[in-house]
Amino acid sequence: MDHVRVVLQHGRPVTLLSAPGAAGALGAPGFLALLRAGGWNGGTPALLDCGAAPGLALGALLAGVPAVVLGPSPAQAGLLALHPGRIRPIAPPALDMAAWNPKRGTSWIEAWLANRDG
């Protein structure tokens, strides 16, 4: 939740992205709780990475996760058709917040946000 808070405090357009495959460990309710605890109010796009698990992806969408990343699976095309714009076949470029150390400050986060495409 600190990662969410730190990124949102910059006031730049961002998409919040979970760690790869996080849906399998955290689940949709956990992801949404983490986002909300970090100050997310639904106004910023958020993606939960579901790996190649279509059941997790569908469950996340039904639980209120705005959008998911769903890797190749037999059900991917069908879910893409049923939920246009809410399923991404690949994750967008992301800043890995696991490398963030509060002692370093946030200038490197601001620099990444300022220099990324779209």
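A nonpolar surface patch of about 260 Å² is formed by M1, L26 and L34. Such patches join nonpolar side chains (Val, Leu, Ile, Met, Phe, Trp, Tyr) within 5 Å, taken from residues with over 30% relative accessible area and no salt bridge, a salt bridge being a side-chain nitrogen of Lys or Arg within 4 Å of a carboxyl oxygen of Asp or Glu. Areas follow the Shrake-Rupley method with a 1.4 Å probe, and for residues only the protein chains shown count as cover. The model is predicted, with local features requiring pLDDT of at least 70 and side-chain atom pairs pLDDT 80 or more, while totals for chains, interfaces and linings use all residues. Residues are numbered from 1 along each chain as its sequence is written, and side-chain values use heavy atoms, without hydrogens or water.

L34 belongs to helix α3; helices (H or I, at least four residues) and strands (E, at least two) are DSSP runs numbered from the N terminus. At 34% relative accessibility, L34 is classed as partly exposed, since buried means under 20% relative accessible area, exposed over 50%, and partly exposed in between. Just after α3, G39 adopts a positive phi of about 100°.

Setting aside neighbours within four places in sequence, I109 is in contact (heavy atoms within 4.5 Å) with V6, V7, H10, L95, M97 and W100.

Finally, the chain as a whole. Six helices and four strands make up its elements, which run α-β-α-α-β-α-β-α-β-α from the N terminus. The radius of gyration, taken over C-alpha atoms, is 14 Å, close to the 13 Å that the globule rule (2.2 Å times the number of residues to the power 0.38) gives for 118 residues, so the protein chain is as compact as a globular protein of that length. Buried residues account for 36% of the 118 residues. Among contacts between residues at least 6 apart in sequence, 50% join residues at least 24 apart.

Methods: Patch = residues over 30% accessible without salt bridge, like charges linked within 9 Å, V, L, I, M, F, W, Y side chains within 5 Å. Buried < 20%, exposed > 50% of the residue type's maximum accessible area, 1.4 Å probe, protein only.
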